[in-house]
Amino acid sequence: MKLPGWKELVETGPIILEAGNARKYKTGDWRTFRPEIDYSKCTTCLFCWLFCPDSSISFDGKRVEINYDYCKGCGICAAECPVKCITMKEEEK
Ligand code: SF4
Ligand code: SF4
């Protein structure tokens with residue numbers, strides 16, 4: 001059997017053909033736990049926004065919001081929140 005050369009491998013390998021294509025893939029659908037924010041305790045310190053490795057937390061100038069289409073449920077936001085107002089809850093599908 002003849003093995004493929006590098007040019008054929010490029011066609012099937014994990015390459016990014018267009019910038020920003022991650023928006024097309026909802027990577028949060030295999031999450032096991034989902035973070036939920038208790039806004040009554042949130043101080044808007046933005047630690048969760050800063051530490052989220054998936055940039056799934058946005059800030060509109062007033063409050064932080066989790067985008068569940070992309071949140072993978074890693075729990076880093078909950079671990080880093082200084083007032084512990086983010087709770088990781090088991091995902092219900
Ligand atoms: S659980 Fe992880 S991916 Fe989801 S918002 Fe928190 S830090 Fe981001
Ligand atoms: S880390 Fe906690 S207190 Fe800070 S903005 Fe996020 S949810 Fe609010």
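What share of the 93 residues in the protein is buried? Buried residues make up 13%. Buried here means that 20 or more other C-beta atoms lie within 10 Å of a residue's own; exposed means 12 or fewer, partly exposed is in between, and C-beta atoms are placed from the backbone.

A word on the source. This is a predicted model, in which local features need pLDDT of at least 70 and side-chain atom pairs count only at pLDDT 80 or more, while totals for chains, interfaces and linings use all residues. Residues are numbered from 1 along each chain as its sequence is written, and chains are lettered from A and ligands numbered from 1 in the order in which they are written.

Now the overall layout. The protein has three helices and four strands. Helices are DSSP runs of H or I with at least four residues, strands are runs of E with at least two, and both are numbered from the N terminus. Starting at the N terminus, the order is α-β-α-β-β-α-β. The radius of gyration is 18 Å, well over the 12 Å that the globule rule gives for 93 residues, so the protein is more spread out than a compact globule. That radius is taken over C-alpha atoms, and the rule is 2.2 Å times the number of residues to the power 0.38. The C-alpha trace spans about 65 × 30 × 20 Å along its principal axes.

Next, contacts. Two residues are in contact if their C-beta atoms, placed from the backbone, lie within 7 Å. Take the contacts between residues at least 6 apart in sequence: 65% of them join residues at least 24 apart.

Strand 1 gives us examples. Glu36 sits there. Glu36 is partly exposed, with 13 other C-beta atoms within 10 Å. Beyond four places in sequence, Glu36 touches Ile86, Thr87 and Lys89. Glu36 and Thr87 are 51 residues apart along the chain, yet their C-alpha atoms are separated by 5.3 Å.

Ile37 is also in strand 1. Ile37 is partly exposed, with 19 C-beta neighbours inside 10 Å. Its contacts, again leaving aside neighbours within four places, are Cys42, Val64, Ile66, Cys85 and Ile86.

On to the core. Which residues form the largest nonpolar core? There are nine: Cys48, Cys52, Ile57, Val64, Ile66, Cys71, Cys77, Cys81 and Ile86. Such a core is a set of buried Ala, Val, Leu, Ile, Met, Phe, Trp, Tyr and Cys residues joined through C-beta atoms within 7 Å. Cys77 touches Pro35, Cys48, Phe51, Cys52, Ile57 and Ile86, not counting residues up to four places away.

Now the ligands. Around ligand 1 there are 13 residues, and Cys52, Cys71, Cys74, Ile76 and Cys77 come nearest. Ligand 2 is surrounded by 13 residues, the closest being Cys42, Cys45, Phe47, Cys48 and Cys81. A residue counts as near if its C-beta atom, placed from the backbone, lies within 6 Å. The ligand 1 shell has eight nonpolar, three polar and two charged residues. The ligand 2 shell has eleven nonpolar, two polar and no charged.

Last, the backbone. Most residues other than glycine have a negative phi. Leu46 has a positive phi of about 75 degrees. Leu46 lies in the loop between strand 1 (33-37) and helix 2 (47-51), and is exposed, with 11 other C-beta atoms within 10 Å. Ser55 has a positive phi near 50 degrees. Ser55 is in the loop between helix 2 and strand 2 (57-59).

Technical notes: Ala, Val, Leu, Ile, Met, Phe, Trp, Tyr, Cys and Pro count as nonpolar, Asp, Glu, Lys and Arg as charged, and the others, Gly among them, as polar.
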